[in-house]
Structure formats: structure tokens, C-alpha cells
Amino acid sequence: MPLNQDNSTRRCVAICPTNPNLFAYNNTCILRCPPGWFSDDSSRTCTQTCNQTVGYLAYTPTRQCVLACLNNTYSYNGTCVDICPNASTPVYYIDKTTISCVTSCPDYYFRDNMLGECVLADGCTSGYYADYSARLCVL
């Protein structure tokens, strides 16, 4: 394992410290990973892709690997997005119960194309109603 320069203690360390919260990048412990890189708390390194095999997601606003998306963002393909993609097939909907983008809403929820979300029957956009057979909000 390569050693990293920790300027806070003026020592070489195998793993960057948590106090202050530093991450290894180019063999130096730094406070914030550069653009295009994400801080990984589990490895104490800057990484270009978060470890999805253990459930980490890339949260771009703070350049962190997180276990759950934050601040009204939703999990999609290993990253946290503000809006689920709907310009192509399949269309994705925001599922606030799982904080993720889904193509099929959970039981008792309906696809609302106007909102781009999964909603309960009484949550359809004004003027729309829940079609129980299609599980879709319709006019």
C-alpha cells in the first residue's frame, strides 16, 4: 500500500485521517477531492467511481460517495440525480419511498406523467385520477 503525505501532521500515512477529514489523491491527503472525483469514506481515498457493489452512490454536489441520496436527489445508475430520465424508453419515475428512479412504481402507487413521480391514488395531478388497472394517473 502506497504512503500518502499528510500535511496536517507532517507524516506519511497508509490511510488518510478522519480528523481532519482527509482523502488520498496523488499520494497526498487532501480535504476535498478535485472535480470528477468523489471522496470515499470507506477507503479514505478520492475515486472516480463509487463502489456500487457495497451500495455507494456518487453525490455530485459535494463530490462524495454516499449510501443514500441527499437533498431531493434520487438514485439512478450509481449516481444521485435531481430528475429521473424520461426522454427515452423506458421512462423513469421518482419513487420517494426508495429515494430512487424506477420504471415501475411500488404497490398502491401510480405513475404520474405530469409530475414524473410515483404517487398515491389521491396524489395524482389536479384533474387526473388513478386508473387502478393501468396503475397510471389519467384524465
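**Figure 1. Lys-96 and Glu-117 in the predicted model.** Lys-96 lies in the loop between strand E11 (93–95) and strand E12 (100–102), whereas Glu-117 belongs to strand E14 (residues 117–119), so the pair ties together parts that are 21 residues apart in sequence. The structure has 2 salt bridges in total.

**Figure 2. Arg-44 and its surroundings.** Arg-44 is found in the loop between strand E5 (38–40) and E6. With a relative accessibility of 7%, Arg-44 counts as buried, because that value is under 20%. The side chains of Arg-44 and Asp-41 meet in a salt bridge, with an N to O distance of 3.3 Å. Asp-41 is partly exposed, at a relative accessible area of 39%. A polar atom of the Arg-44 side chain also lies 3.0 Å from the backbone oxygen of Pro-17. Beyond its neighbours within four places in sequence, Arg-44 is in contact with Ile-15, Cys-16, Pro-17, Thr-18, Asn-21, Leu-22, Phe-23 and Ala-24.

**Figure 3. Thr-47 in strand E6.** Thr-47 is placed in strand E6, which covers residues 45–47. Is Thr-47 buried or exposed? At 17% relative accessibility, Thr-47 counts as buried. The side chain of Thr-47 reaches the backbone oxygen of Thr-49 at a distance of 2.8 Å. When neighbours within four places in sequence are set aside, the contacts of Thr-47 are with Trp-37, Phe-38, Asp-40 and Cys-65.

**Figure 4. The disulfide of Cys-69 and Cys-80.** This link is one of 7 disulfides in the structure. Cys-69 is joined to Cys-80 with an S to S distance of 2.2 Å. The torsion about the S-S bond is about -90 degrees, so the disulfide is left-handed. Cys-69 lies in the loop between strand E8 (64–66) and strand E9 (74–76), and Cys-80 lies in strand E10 (residues 79–81), so the pair ties together parts that are 11 residues apart in sequence. Both cysteines, Cys-69 and Cys-80, are buried.

**Figure 5. The disulfide of Cys-105 and Cys-118.** The sulfur atoms of Cys-105 and Cys-118 are 2.1 Å apart and form a disulfide. A torsion of about -85 degrees about the S-S bond is found here, so this disulfide is left-handed. The pair links distant parts of the chain, with Cys-105 in the loop between E12 and strand E13 (110–112) and Cys-118 in strand E14, 13 residues apart. Cys-105 and Cys-118 are buried.

Figure 6. Cys-124 is joined to Cys-137 by a disulfide with an S to S distance of 2.1 Å. This link is left-handed, with -75 degrees about the S-S bond. It connects distant parts of the chain, for Cys-124 is in the loop between E14 and strand E15 (129–131) and Cys-137 is in strand E16 (residues 136–138), 13 residues apart. Both Cys-124 and Cys-137 are buried. Cys-12, in contrast, is in no disulfide, and the nearest cysteine sulfur, that of Cys-29, is 9.1 Å away. Cys-12 is exposed, with a relative accessible area of 57%.

Note on methods: Residues numbered from 1 in each chain as written. Predicted model: local features only at pLDDT ≥ 70, side-chain atom pairs only at ≥ 80, totals over all residues. Heavy atoms only, no water. Helix = DSSP H or I, 4+ residues; strand = E, 2+ residues; numbered from the N terminus. Buried < 20%, exposed > 50% of the residue type's maximum accessible area, 1.4 Å probe, protein only. Polar contact = N/O pair within 3.5 Å; in protein donor to acceptor, adjacent residues only side chain to side chain. Contact = heavy atoms within 4.5 Å. Salt bridge = Lys/Arg side-chain N within 4 Å of Asp/Glu carboxyl O. Disulfide = S-S within 2.5 Å.
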